[in-house]
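Please look over the sequence and the model shown here before reading on.

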Amino acid sequence: MGLYYKSTRSSGHEVTASQAVLEGLAGDGGLYVPSYIPKLDVSMSDLSEMTYQQAAYEVMKLFLTDFTEDELKSCIEKAYDDKFDTPEIAPVVYVNDACFLELYHGKTIAFKDMALSLLPHLMTTAAKKNGVTDEIVVLAATSGDTGKAALEGFCDADGTRIIVFYPKDGVSPVQERQMVTQKGSNTFVAGIRGNFDDAQYGVKKIFSDAKLNETLNRSGFRLSSANSINIGRLIPQVAYYVYAYAVLTADGTVSDGEPVNFVVPTGNFGNILAAYYAKQMGVPVGRLICASNMNNVLTDFFNTGIYDRNRRFYTTSSPSMDILVSSNLERLIYHISGDDPEKTAYLMKSLSESGKYVIPGDMRKQLGVFFADYATEDETLQSIRELYGQSGYVIDPHTAVGLSVYRKYVSKTGDSAKTVIVSTASPFKFCGTVIKAIRGDTGGLSEFELEDELKSLSGMAEPEAVSALRTAPVRHTTVCDCDDMEQVMVKWLGIM
Ligand SMILES: *Cc1c(COP(=O)(O)O)cnc(C)c1O
């Protein structure tokens, strides 16, 4: 039997890749994981001559095993086209001694576009393959960037509807404006009174409500997820790590086989988990550096083996990482337990009951590839300011958390291996913070004036994603309590 997918929490429930994409979350509340991590079957020297699309195909064909070559290639062609503002799709940029993998050249200028440009195509293809005729209702909780990227991806996609919940007071002004102005007859956006964890919890609750799902099915709807719990988000993300390594070998930065570190600004642990998968596939990865903001639950986890969400929640200048329950960590836990669903289920039960779990020593030993640290708000602003001062290159606050943690990593370990900092958003998404970092304050400027200021000091063109917002009308005004998420959804679908 080739590669298939199974739940992190129980054995027996085996599904194909396309079924896992359609379902999102496994029925037992676990996450789908591949039955093994496949090895790359093309050489780095071949990969280094490929376009992004070609390399992405070589990676994804190994995981999405029940998609035909034509199906997968067609999905990839539709996803990575001129929606991206550069044909390289994910350019590697050298700035003084640092190297950035810019993942923000898609339509909504955050790295979420890398997977969410593709997911709708995978999902509609998967629906056809599995004879699904129900309308697919994509449900997403967002800390700011997933929501907009998913809305753009699914906007007016045949046979789908999409509903997004975001923390009303927990996203940047541009992030909020991007979402509430979303067009499309199949889109719905609601703010919730709560933080991202509350939104994610509410969404997971809707998924695991059997009675509700039955009611939806009777009305011709079927839920799916656009969050990084869906393997259709995770697998496309593996591709850019493989691609980045190939680019570094092509331009002579490293010789084939030389280890490269990746620094990943982390929230829900999806992006860095994709890097971990790339390593398992055979990409020569040295260390994976997990960078957190003040919500440093992962820093503590990697340094102590204790995951404890019982702590203060901070609203920071890197809102897409303001998360205390990192969903995708469950997949890593599963892998380091030796793919043991019982152990994983036990730890996750502890997390849901007491907000905490402790992994045993034998599992901790498997975490050597990771290094974890965090940046304070001051350190985040400082790294934006310093890099700008040295080079004129402007990074967003999430990437700045990564840079700050990278500096700490080098001073703690002395490691001089080539390192790629994963750049997760355009600075234009967080103009206020970036101007404050560089100028010291925002001088009472309005959001639009801040955008103009950033344009002039960075020398960058304002992305279409931002300029279009200046005149876009607000279309979504719903705000609700977390307890009402289900009702809001059901009402919008018109079934109660
Ligand atoms: C989502 C996001 C992150 C965190 O990524 P995870 O996969 O959730 O760890 C970091 N930076 C930005 C800009 C994001 O949008």
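Predicted model: local features only at pLDDT ≥ 70, side-chain atom pairs only at ≥ 80, totals over all residues.

Residues are numbered from 1 along each chain as its sequence is written, and side-chain values use heavy atoms, with hydrogens and water left out. The protein contains 22 helices and 15 strands, where helices (H or I, at least four residues) and strands (E, at least two) are DSSP runs numbered from the N terminus. The radius of gyration of the protein is 21 Å, close to the 23 Å that the globule rule gives for 496 residues, so the protein is as compact as a globular protein of that length; the radius is taken over C-alpha atoms, and the rule is 2.2 Å times the number of residues to the power 0.38.

**Overall fold**

- The C-alpha trace of the protein spans about 60 × 50 × 45 Å along its principal axes.
- Of the 496 residues, 61% count as buried, where buried means under 20% relative accessible area, exposed means over 50%, and partly exposed lies in between (1.4 Å probe, protein chains only).
- Among the contacts in the protein with a separation of 6 or more, 75% are accounted for by residues 24 or more positions apart, a contact being heavy atoms within 4.5 Å.
- The protein exposes about 18,200 Å², of which carbon and sulfur atoms supply 47%; accessible areas come from the Shrake-Rupley method with a 1.4 Å probe, and for residues only the protein chains shown count as cover.
- The mean positions of the 46 positive and 62 negative charges are 4 Å apart, with Lys and Arg counted as positive, Asp and Glu as negative, and His and the chain ends not counted. The place of a charge is taken as NZ of Lys, CZ of Arg, CG of Asp or CD of Glu.

- In helix 10, which covers residues 210-218, the residues L212, N213, T215 and L216 are buried. Seen down the axis of helix 10, its buried residues fall within an arc of 160 degrees, so they line one face of the helix; the arc is that of the directions from the helix axis to the C-beta atoms.
- An α-helix has 3.6 residues a turn, so residues three or four places apart point the same way.
- On the other side of helix 10, A210, K211 and R218 are exposed.
- The buried residues of helix 10 pack against helix 9 (196-207), strand 8 (221-225) and helix 22 (485-493).

**Buried residues in helices and strands**

- T146 is found in helix 7 (residues 145-154) and counts as buried at 5% relative accessibility. Leaving aside residues up to four places away in sequence, T146 touches K112, L116, A141, A226, N227 and R233.
- I162 belongs to strand 6 (residues 160-167) and counts as buried at 0% relative accessibility. Beyond residues up to four places away in sequence, the contacts of I162 include V138, F188 and W492.
- P265 lies in strand 9 and counts as buried at 7% relative accessibility. With residues up to four places away in sequence not counted, P265 touches A291, M321, H398, T399, G402, V422 and T424.
- S404 is part of helix 18 (residues 397-413) and is buried, with a relative accessible area of 7%. Residues up to four places away in sequence aside, S404 touches A375, E379 and S383.

**Positive phi angles in loops**

- Most residues other than glycine have a negative phi, and most peptide bonds are trans.
- F269 has a positive phi of about 70 degrees although it is not a glycine. F269 lies in the loop between strand 9 (260-265) and helix 12 (270-281), and is buried, with a relative accessible area of 1%.
- D339 also has a positive phi, of about 55 degrees, although it is not a glycine. The loop that holds D339 runs between helix 14 (329-336) and helix 15 (341-354), and D339 is partly exposed, with a relative accessible area of 27%.
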